[in-house]
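Subject: Structure for you to look at

Hello,

Please find the structure below.

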Amino acid sequence: MEIKFYSDEKVLDLTGQKITVQDSNSRMNDKMFSKYFFPFEIYMDEEFINSFGDYESDDSSDLEDTFEGILLFENKVHKAKLVLSDTEGKLITGQIDFGFEDLPNFDKKLSELPLEKFDVADIYVFAKNICAKKYPETNFNFPRMFTSKYSPDDELWSAFNGYYNDLTPDGSEMNRNSIDLEGNIFNANIIHPAPHVLYVLKTGFLDAGLTLQGEILDDPIFAQRWIFSGTEYFSRLTQLRTVLDVSPQDYYYSGPGMTQYLKSMTVAKAGKYNLVGFMESKDWKGEVGWISVNSSRVWVYNKTNFDLEKRFFNIEITTTQDNILVEFYLLRGSVMGVSNNVIHAELINKDLADPGDYEGEDNGVITNLNEIDLTKAVPNITFGDLINIFRNRFNYGIEIVDNTVLMYRIGKDPENVKDFTRFEVSPANRNKKLLQKRSFVLRSTDLDDGPQPSMYYDKEGPTLNKAEKEETIIIESNVVIVQTGVALPQGQNTAIIKKDTDDALQLVYYDGLTGVQNNAKNPAGAEYPELFYTHWEKWLRQRIIGKEFQWKFSCPADEFDFLITDQIFCYKNIHNIKSWTKDLVENTYEVDIVTETIQ
């Protein structure tokens, strides 16, 4: 059998080498695996040195040790990676991982996929109109979701009632964030798109040149499930607030019955500003104070009596120049025993800028940009993580045939069973183990306020939320089925986000407007125990009432044309292959195989 690794113009010929290959069936594990050669030793001859370099040399530290390439093995071409490690004289140890074509885009972040991205005229109007649609009419939606992440006790969020994608009570429009004429900010809403989970799954495969098919596309659990990313999809803009406080003792002149103050602040950037505050005077009347901008008075403080008075001001300043000087003058009598500030001023920028452009006290506005960018609306996980979630939560397997990806529920009745009887051995040379002592726990990531429902299963049957034993097989998934409820008095019955994270798959059910409101739902089916009976029971029952076989045999390598995912017939039963290790010696396979029967 010819075995060669190609990388650019480099060729590594392993034909005739003793090679050990290990493979595991992803149906029988809780993760997808690539195949790999166990570490092997090769002789660094002249051909190897010319291709890869002289790793024996003391000057070899700059040589690469990892090579992406193509592997010719078992008359098939595979994407592969060669890693070179230790050397001893002319011998070098290497390992080849391959079969990555079985795991397309596995290491690519969801945010790196070519998801929809475009501008809109008005995000508030656009989001409101999308709310009336369902998948597949739209690939993303805007369900109302409650979060306690942003506290209304924080000034930035004082106008926020906790809802993403919050429609007005009559459903006519999305609540808008705003700034009033005084420069006060009202962050009332966060517009946050939720991509459809099947759209993201399809896009990940299409990006690798593959089309998704299979029963996953018809599973009602996913028909209207949307992803909440947990990311900060919105933008923050900064509002400059420069504050001036003048204490009674911070005067520039003090004499009998007279105290004078002259202070200033600088308008650093051109723009529109509100200048608000007060001056306080006593024992003098007439013109006792003024404010000037670039030496031109914009406000004058006139008193008609000698009483203590606090006069407030609210002035709009517009300037086209940077570094404009604002001066404050105040005249009052004695300040003996006075402790409160005599001048207080706040310069509030009515224009907004990116955080960091200015120095000084600031307040922020949450900006819902007029764009859709779904790469910012997916969690911080890889495409492989997403596939593993479908495997571990919903019991879906994956098979690639040509340019098609088939995702099907594991545990269906056997199909296309292959005869394996010629590789049987006598009972004395095999190990058979009963599996009735097995137990399984299906569980998912904890919420911030406690665990999600889990399912325990053994030969006695299923039990909700039962703790595992020491030997229990745990099948865990990083997914949250988002619950619904009424989070606030007089609030909406909709999705409640209970996991403050951006690295879990959070699934929200939303099937369009209910009346005029975009409230999410949570129908039965995606949680235990319902999910166990529809997606897991038949498969796990097989794995408990069956038997495990392990044996070894030898055969010509060219005659061994089986896949790890094949279902085989031997020992008067149909089996799933769990794993195998194949030693290739002089064109002969020595196979160590583990299987489980299908009852």
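At 76% relative accessibility, D8 counts as exposed (over 50% relative accessible area; buried is under 20%, partly exposed in between; 1.4 Å probe, protein chains only). This is a predicted model, in which local features need pLDDT of at least 70 and side-chain atom pairs count only at pLDDT 80 or more, while totals for chains, interfaces and linings use all residues. Residues are numbered from 1 along each chain as its sequence is written, and side-chain values use heavy atoms, with hydrogens and water left out.

D8 is not a glycine, yet its phi is positive, at about 55 degrees. D8 sits in the loop between β1 (4-7) and β2 (10-13); helices (H or I, at least four residues) and strands (E, at least two) are DSSP runs, numbered from the N terminus. K572, also not a glycine, has a positive phi near 65 degrees. K572 is in the loop between β42 (567-570) and β43 (573-585), and its 77% relative accessibility makes it exposed.

There are cis peptide bonds from Y135 to P136, with omega near 10 degrees, and from Y528 to P529, with omega near 15 degrees. P136 is in the loop between α2 (123-130) and β10 (140-141), and P529 in the loop between β40 (505-509) and α5 (530-545). Most residues other than glycine have a negative phi, and most peptide bonds are trans.

In the helix pair, V197, V200, L201, G204 and F205 of α3 meet F383, L386, I387 and F390 of α4 (contact means heavy atoms within 4.5 Å).

Regards
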